[in-house]
Amino acid sequence: MIEVRELHQHSELAEAVRLQQQIWGFEDVELLPLRLFVVATKIGGHVLGAFDGERMVGFSLAIPGVKPGGAAYWHSHMMGIIEGYRDQGIGRRLKLRQKEDALARDIKLIEWTFDPLELKNAHFNIERLGAVVRRYVLNQYGTTTSHLHGGLPTDRCVAEWHLDRDIPRNDIQARIALPADILDIRRTDPRRARAIQKAASDRFLEHFARGLAVLRFERSDTHGTYLLGPWPSE
């Protein structure tokens, strides 16, 4: 049985820092430090751990933010599951617990960024959780030392999880398709992967500038496809 609970003890927060390095393979200079995890728990943020017995096998970190109009939200900065425990629904449990705790604090919006080339994550974020995407950030973190980033620019979609709002998703007007094996391409042919990434980024930026948003996501044996439609008025 996997237990999900909020973290407060320094020893548990330090274990989340260690898992961060294990999962992403960052060099020390790129790790989020223990102090940030501690501070997040003190200023309205949120740190969760997933445990198999006494062993922490996953975690999530959210920090508080404020929108230009003054509305509070959480930026879910990081979530990771160690190898051997992925694809078992642990990430979904972490996110749903995060949603539950956010609503208990009267927080109606959680945002996070994700790599648009990570098609499994895109499907999880958009179809399983119901997030939408209206913003695309070029090379948000610069080139990192993580093997998961493959030396490419760290382009990111910004996921918006509106916790108290149903969003119409039927009026699809544009599609952005990426090859299903894009992660293999990134590993074996970085130049081709970069060309695919660049073409996709141009289309995301073009469609978002026209007021479209990613509302759905389709997966097939050959492609992962972002489906975009008009963002409804507030």
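Strand β10, spanning residues 223–230, is mostly covered, with 6 of its 8 residues buried (buried means under 20% relative accessible area, exposed over 50% and partly exposed in between, with a 1.4 Å probe and protein chains only). Helices (H or I, at least four residues) and strands (E, at least two) are DSSP runs, numbered from the N terminus. The model is predicted: local features need pLDDT of at least 70 and side-chain atom pairs count only at pLDDT 80 or more, whereas totals for chains, interfaces and linings use all residues. Residues are numbered from 1 along each chain as its sequence is written, and side-chain values use heavy atoms, with hydrogens and water left out.

Strand β8 (residues 174–179) runs antiparallel to β10 and is joined to it by 6 bridges; two strands pair if DSSP finds at least two bridges between them. Within this pairing, A174 stands opposite L228 of β10. Strand β9 (residues 212–219) is also antiparallel to β10, through 7 bridges, and R219 has G224 in β10 as its bridge partner. A hairpin of 3 residues connects β9 to β10.

## Packing of α1 against α2

Helix α1 (residues 10–24) packs on helix α2 (residues 34–42) at an angle of about 130 degrees, and their axes are 9 Å apart. Axes are lines fitted to C-alpha atoms, for helices over the stretch in contact, and angles run from 0 to 180 degrees between N-to-C directions. The angle makes α1 oblique to α2 (under 35 degrees counts as roughly parallel, over 145 as roughly antiparallel, 65 to 115 as roughly perpendicular and the rest as oblique).

On the α1 side, H10, L13, A14, A16, V17 and Q20 meet L34, F37, V38 and T41 of α2, where contact means heavy atoms within 4.5 Å. The residues of this contact comprise 7 nonpolar, 3 polar and no charged; Ala, Val, Leu, Ile, Met, Phe, Trp, Tyr, Cys and Pro count as nonpolar, Asp, Glu, Lys and Arg as charged, and the others, Gly among them, as polar.

## Loop residues

G25 occupies the loop between α1 and α2 and is partly exposed, at 33% relative accessibility. G25 and N139 are 114 residues apart in sequence and 19 Å apart in space, C-alpha to C-alpha.

N139 lies in the loop between β6 (132–137) and β7 (156–162). Although N139 is not a glycine, it has a positive phi of about 50 degrees; its relative accessible area of 34% makes N139 partly exposed. D87, in the loop between β4 (72–81) and α3 (90–104), is likewise not a glycine and has a positive phi of about 60 degrees. D87 is exposed, with a relative accessible area of 67%.
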